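This report goes through selected local features of one chain. The sequence and the coordinates come first.

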Amino acid sequence: ATLVESNPVNVQQLQQTKELLSAEGCRMIQADYFQFIDNFSASGQRPFDIIFLDPPFEQGLLVQAAQAL
C-alpha cells in the first residue's frame, strides 16, 4: 500500500498507526496528491491496482482528483 498525504500531522499519525499495526508493506509519502500523480505518471512506474481517494470534500476536489488519474 502507498499512502499519500500532504498534512505533516496526518502523516505522523498514519506512521504511528502503521507501526502499531506492523504494516511493513505500507509506504508513506508526504506530498501533494496532484504533484505525486504527475511525478508518478512521468516515471513510468507500474500503475496502482486500486486507488482510494479521500480528498477534503468541502474543497470540491473529488472530481479534479479522479480526473488526474
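In this predicted model, the largest nonpolar core has 6 residues: Ile29, Tyr33, Phe36, Ile37, Phe40 and Ala65. Helix α2, residues 33-43, gives the most to this core, with 4 residues. Ile29, a member of the core, is in contact with Thr2, Leu3, Val4, Glu5 and Phe36 when its neighbours within four places in sequence are left aside.

Helix α1 spans residues 8-20. From its first C-alpha to its last, α1 reaches 18 Å over 13 residues, close to the 18 Å expected at 1.5 Å a residue. At the start of α1, a side-chain oxygen of Asn7 comes to within 2.8 Å of the backbone nitrogen of Val9. Ser22 follows α1 and has a positive phi, near 50°.

Lys18 lies in α1. This lysine is buried yet has no salt bridge. With neighbours within four places in sequence left aside, Lys18 is in contact with Ala23 and Cys26.

Pro56 is placed in the loop between α2 and α3 (62-68). Is Pro56 buried, exposed or partly exposed? Its relative accessible area is 36%, so Pro56 counts as partly exposed, between the limits of 20% and 50%. Pro56 and Thr17 are 39 residues apart in sequence.

| Pair | Atoms or groups | Distance |
|---|---|---|
| Asn7 and Val9 | side-chain oxygen to backbone nitrogen | within 2.8 Å |
| Lys18 and Glu24 | nearest side chain of opposite charge | 6.1 Å |
| Pro56 and Thr17 | C-alpha to C-alpha | 21 Å |

Technical notes:
Residues are numbered from 1 along each chain as its sequence is written. This is a predicted model: local features need pLDDT of at least 70, side-chain atom pairs count only at pLDDT 80 or more; totals for chains, interfaces and linings use all residues. Side-chain values use heavy atoms; hydrogens and water are left out. A nonpolar core is a set of buried Ala, Val, Leu, Ile, Met, Phe, Trp, Tyr and Cys residues joined through side-chain atoms within 4.5 Å. Buried means under 20% relative accessible area, exposed over 50%, partly exposed in between (1.4 Å probe, protein chains only). Helices (H or I, at least four residues) and strands (E, at least two) are DSSP runs, numbered from the N terminus. Contact means heavy atoms within 4.5 Å. Lys and Arg count as positive and Asp and Glu as negative; His and the chain ends are not counted. A salt bridge is a side-chain nitrogen of Lys or Arg within 4 Å of a carboxyl oxygen of Asp or Glu. The expected span of a helix is 1.5 Å times one less than its number of residues. A polar contact is a pair of N or O atoms within 3.5 Å; within protein, one must be able to donate a hydrogen and the other to accept it, and residues adjacent in sequence count only if both atoms are side-chain atoms.
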